[in-house]
Amino acid sequence: MIVILKQGITPQEKDKVRSFLSEKGFIVKEIVGQQDTVLGAVGKVSIDPRTVELMPGVSSVVPISKPYKLASREMKKEDTIVQVGKVKIGGNRVAVIAGPCAVENYDQIMTIAESVREAGAVMLRGGAFKPRTSPYAFQGLGEEGLKLLKKAGEAFDMPITSEVVSPSDVKMMAEYVDMFQIGARNMQNFELLKEVGKTGMPVLLKRGLSATIEEWLMAAEYLMASGTDQVVLCERGIRTYEKATRNTLDCSAIPVVQKLTHLPVIGDPSHATGIRDMVAPMSLAIVASGASGVIVEVHNCPEKALSDGPQSLFPSQFKKLVHDIQALCPVVGKSLEKIPRVLPESMKTQQEEKKSADFSAITVSFQGVRGAFSELAARRSFDEDVQLLPCHSFSDAFDAVSSGKAKYGVLPVENTLGGTVYDTLDLLAMHPELTVVGEQQVRVMHNLITIPGTKIEEIRKVYSHPQGLQQCRAFLDKELPDAERVPFFDTAGAVEYIAKLGDKSVAAIAGSPAAHYYGMEVLRQGIETDASNYTRFYILAREENESIYRSQAELNKAALSFSVSDEPGALMDVLKTIADDGVNMTKLESRPIPGKPWEYLFFVELQLPSDKAVFEKLTEEIRAKAVSFRVLGVYSSVIG
């Protein structure tokens, strides 16, 4: 059952409810949601729900209909984010896990770990105990393999995962791995599930060869009932009559499971197909299905691999795959999970590292109201627990960062359909104390949002930002030709407004997060005329905070501003300097300088040269030729 607590419940009242349920024999878990706090109570016992509902501090009691209780979406509405070391799996991120099928020797695992880390993997996989169909096949190095895997993970700053096959090995393996892996053959090894669950550690649970979705979720329930709530489900193909591939990848299971459970789901294209050339396209299919990541086998010499060589990618193939996944992420509304690229010889102290990676206490400003696309960009750029500061105007968002009220600001700078957001450029010029420390790209997907239960023929007015109305003109002309189109200051603000009105004759156009936040219903999805609608956002900070964010990714872009004298060829001279130094310029804009009629500030974006000395030389050359010059930021451009 789900016990929904009143918002004003006291700690003493909560403890009494928890104690009462525990004494009756229930396993009790507290879940804090966005709006409600609930106690999930599961077990073999049965009591009259009214005895709980009458207790002080209890709002209501709702039975769970699914046989899997703790894993059910009924128990927890919000997605679970599983933490494995520095890596988070679930929510609006896609995590890439990679490594060899089996750990073979020290040189092999270190070489592969370095290559996958450099390409963008955030976790290292490798088998030490290998359950094989043939008793004569390579069975793994056992504990020695775990030691080597752990050394590789520590050397390249990646958490590790490996398969456990025997309940008697659980305690020993817990000393080495960051995440247990339950293989397909052991999905219903219930004694193993119980032992692993007792550790409370994260678990990657693969779907059995012929398991139904319900059987898969019931296996997760064993883990959760035994003590862990950090479970990641993995679709790895099921056994069918088809012989062309090793298994049949069931991509359709991913969105089905996501509706049934709050647990994150990833996919294993290597075992699903068994064919190297199919791993990349199936990885993209897994991400397109909405999965929170992929786990891929990579080997530096697949032809010499002791197991599963034919399905293992070469490092170069894996690198391209990560780039393709990164490009796909914004299409499905996610971002690629990344962790700082810090090697042992340049590591900070543990205290400094923890501080730099911890975003939970950070405040981030953005323009708009809750549910805006800017909020989505902020959440993708930081942790889910980041404190958000909605601001009425662009100027307010800048001022919040400048004054220290917010540590970072996330502001739009360009849209693929609407062009440059000049307010951001102008305010950046007015705030020399702020610098660009990052960039995030978000796909703008518009939806028709209404009061729950509204029918489209009831709608008489549609509110949205003018660009939102313009970008959905074809839909409105066809489906709502007679509805009045009312411009509003913000798309999410329009949803907030119609929610307060409570009138079924009005609707709004905005992103789905706004509908969720204000309790509204998405009546029509993806109604924009042009699906290639993306917005780039700058992440801004004061100088003292810039290094903390920049440590999270490689720097590959720079933004500059400068003005030149009013004489022939002055601008061309600067631009020629950029070209002569072999630096690629990706954007050029001009903006009027306030108080100086007919004088302009030029704004330039560049691809950062791999040689730092080239960029330093370029900036000095521009500085010598320009009237004014400023490096606005050196940062990482993140797609998705």
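1. A salt bridge is counted here where a side-chain nitrogen of Lys or Arg lies within 4 Å of a carboxyl oxygen of Asp or Glu. The model under discussion is predicted, and by this rule it holds 33 salt bridges.

2. With that cut-off in mind, the pair formed by Glu528 and Arg443 deserves a careful look: their side chains meet in a salt bridge at 3.9 Å, N to O, which qualifies because the limit is set at within 4 Å. Glu528 belongs to the loop between strand S25 (521–524) and strand S26 (534–542), whereas Arg443 is part of strand S20 (residues 434–443), so the pair ties together parts that are 85 residues apart in sequence. Both of these residues, Glu528 and Arg443, are buried.

3. Asp157 and Lys86 also join their side chains in a salt bridge, with an N to O distance of 2.9 Å. Since Asp157 sits in the loop between helix H4 (143–155) and strand S9 (160–163), and Lys86 in the loop between strand S5 (82–84) and strand S6 (87–89), this pair ties together parts that are 71 residues apart in sequence. Asp157 is buried, its relative accessible area being 12%, while Lys86 is partly exposed at 29% relative accessibility.

4. In the salt bridge between the side chains of Asp48 and Arg50, the N to O distance is 2.7 Å. Asp48 is partly exposed, with a relative accessible area of 33%, and Arg50 counts as exposed at 56% relative accessibility.

5. Beyond these pairs, a network of salt bridges links Glu414, Glu439, Arg536, Lys557, Lys587, Glu589 and Glu605.

Note on methods
Residues are numbered from 1 along each chain as its sequence is written. This is a predicted model: local features need pLDDT of at least 70, side-chain atom pairs count only at pLDDT 80 or more; totals for chains, interfaces and linings use all residues. Side-chain values use heavy atoms; hydrogens and water are left out. Buried means under 20% relative accessible area, exposed over 50%, partly exposed in between (1.4 Å probe, protein chains only). Helices (H or I, at least four residues) and strands (E, at least two) are DSSP runs, numbered from the N terminus.
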